[in-house]
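The sequence and structure come first.

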Amino acid sequence: MSCLIPQTLYGIIGWPLGHSLSPLLHNTGFRTLDIPAAYMAWPLEPKSLPVFMDALRVMRVGGCSVTIPHKISVLEYMENLSEGAALAGAANTLFWKDNLLCGENTDITGFLTPLKNFEMDKMDVLLLGAGGAAHAVAAALRLRGCRHVRVASAGNKKQYAMAERFGFEGLPWAERHNFPATLVINATPLGMSGQYAGETPYDFGLAPKVEGGLAYDLVYNPPETIFLKDAKKFGRQTISGVEMFFWQGNAQFRLWTGKNLPQESRRALESALKQ
Ligand code: NAP
């Protein structure tokens, strides 16, 4: 590992931009692979997005991660949009290809990578949450041919428009335990450290028993939530949000550098999450 002077700048925009683990993931990758680049955190108010997009072009920023609330508003600046980003209606990654500014949604790849050995088209899926991350998950489920997907959201409003958009079924929140689901996905912040620590959106004991069921939590801090611990008690295989977070970052890194993130990035992420 050497100390190169960065020649290309990358970063993440969001507002408010809390503590993000993306700089750790990508900077560890650049350092380990001797890529002369640096990844910054750029808190960006919504009103400053147009200025930022000009700056990105002028300074020839190599690429950018995009988080709340900019994932939808960046779309109008894209000269090319991937199928997944168009389907999700949101981009979390900006990159250059043939001099064109392109938008991608690597949350889709990140979500699907840990599921690559599962036959998803036959699964009965319950998607809990209908916010930004749930839209990327819904796009991923569509791209993998899932047809039996029910969406429930606590506010009991957003799930219906979202279900219609993707050809799925909207479900009242109170009815989420009424159906057997082979794959239950938590796309709410319940279980996340802080305000929602110790909470879970689903009681596996109330739901019909399912053979060979899976539970997938998008929450990655802590890596093992109550949702996942409960799922294990009921015999389900589990997938932590750490997987999705790492693989969405890996897909970004590949778009920017053509390389996979090294194991050092994975280890740095896991050790940061332990602290
Ligand atoms: P969001 O756009 O704010 O949506 C949050 C969703 O959760 C909404 O459907 C909301 O329901 C629901 N919700 C909020 N508070 C709730 C509560 N107290 N009880 C039940 N439901 C509640 O957030 P997001 O961007 O989709 O993110 C959701 C989670 O996914 C976060 O924990 C985030 O960290 C995680 N995430 C992980 C990754 C990863 O790579 N692992 C990537 C993206 C996001 P209503 O609006 O209907 O009330």
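The sections below cover the model, the ligand site, salt bridges and backbone geometry.

## Basis of the model

The model is predicted: local features need pLDDT of at least 70, side-chain atom pairs count only at pLDDT 80 or more, and totals for chains, interfaces and linings use all residues. Residues are numbered from 1 along each chain as its sequence is written, and side-chain values use heavy atoms, with hydrogens and water left out.

## Ligand site

The ligand sits in the largest pocket. A pocket here is an open set of points on a 1 Å grid over the protein atoms alone, where a 1.4 Å probe fits, with protein on both sides within 12 Å along at least five of seven lines; a molecule sits in a pocket if more than half of its atoms lie within 2 Å of its grid points. Two elements give two or more residues each to the shell around the ligand, helix H5 (132-143) and helix H8 (241-257). H8 gives the most, with three residues. Helices are DSSP runs of H or I with at least four residues, strands are runs of E with at least two, and both are numbered from the N terminus.

There are 22 residues around the ligand, and Ala 130, Ala 133, Ser 153, Lys 158 and Leu 218 come nearest; to be near, a residue needs a heavy atom within 4 Å. By class, the shell holds 14 nonpolar, seven polar and one charged residue. Ala, Val, Leu, Ile, Met, Phe, Trp, Tyr, Cys and Pro count as nonpolar, Asp, Glu, Lys and Arg as charged, and the others, Gly among them, as polar.

## Polar contacts and burial

Polar contacts are pairs of N or O atoms within 3.5 Å. An N or O atom in the side chain of Lys 158 is 2.6 Å from a ligand oxygen. Backbone atoms also take part: a polar one of Ala 133 is 2.8 Å from an oxygen of the ligand, and an N or O of Gly 131 lies 3.4 Å from a ligand oxygen. Taken alone the ligand exposes 930 Å², of which the protein buries 76% (Shrake-Rupley method, 1.4 Å probe).

## Salt bridges

The count comes to nine salt bridges, each a side-chain nitrogen of Lys or Arg within 4 Å of a carboxyl oxygen of Asp or Glu. One joins Glu 169 and Arg 150 at 3.7 Å, N to O. Glu 169 is in strand S9 (residues 169-171) and Arg 150 in strand S8 (residues 148-152), 19 residues apart.

## Backbone geometry

Most residues other than glycine have a negative phi, and most peptide bonds are trans. The bond from Trp 15 to Pro 16 is cis, with omega near -10 degrees; Pro 16 is in the loop between strand S1 (8-14) and helix H1 (22-32). The bond from Asn 221 to Pro 222 is also cis, with omega near 10 degrees.

Asp 98, not a glycine, has a positive phi of about 50 degrees.

Terms used:
A polar contact is a pair of N or O atoms within 3.5 Å; within protein, one must be able to donate a hydrogen and the other to accept it, and residues adjacent in sequence count only if both atoms are side-chain atoms. On a 1 Å grid over the protein atoms alone, a cavity is a set of points where a 1.4 Å probe fits but cannot get out, and a pocket is an open set with protein on both sides within 12 Å along at least five of seven lines; lining residues have an atom within 4 Å of a point.
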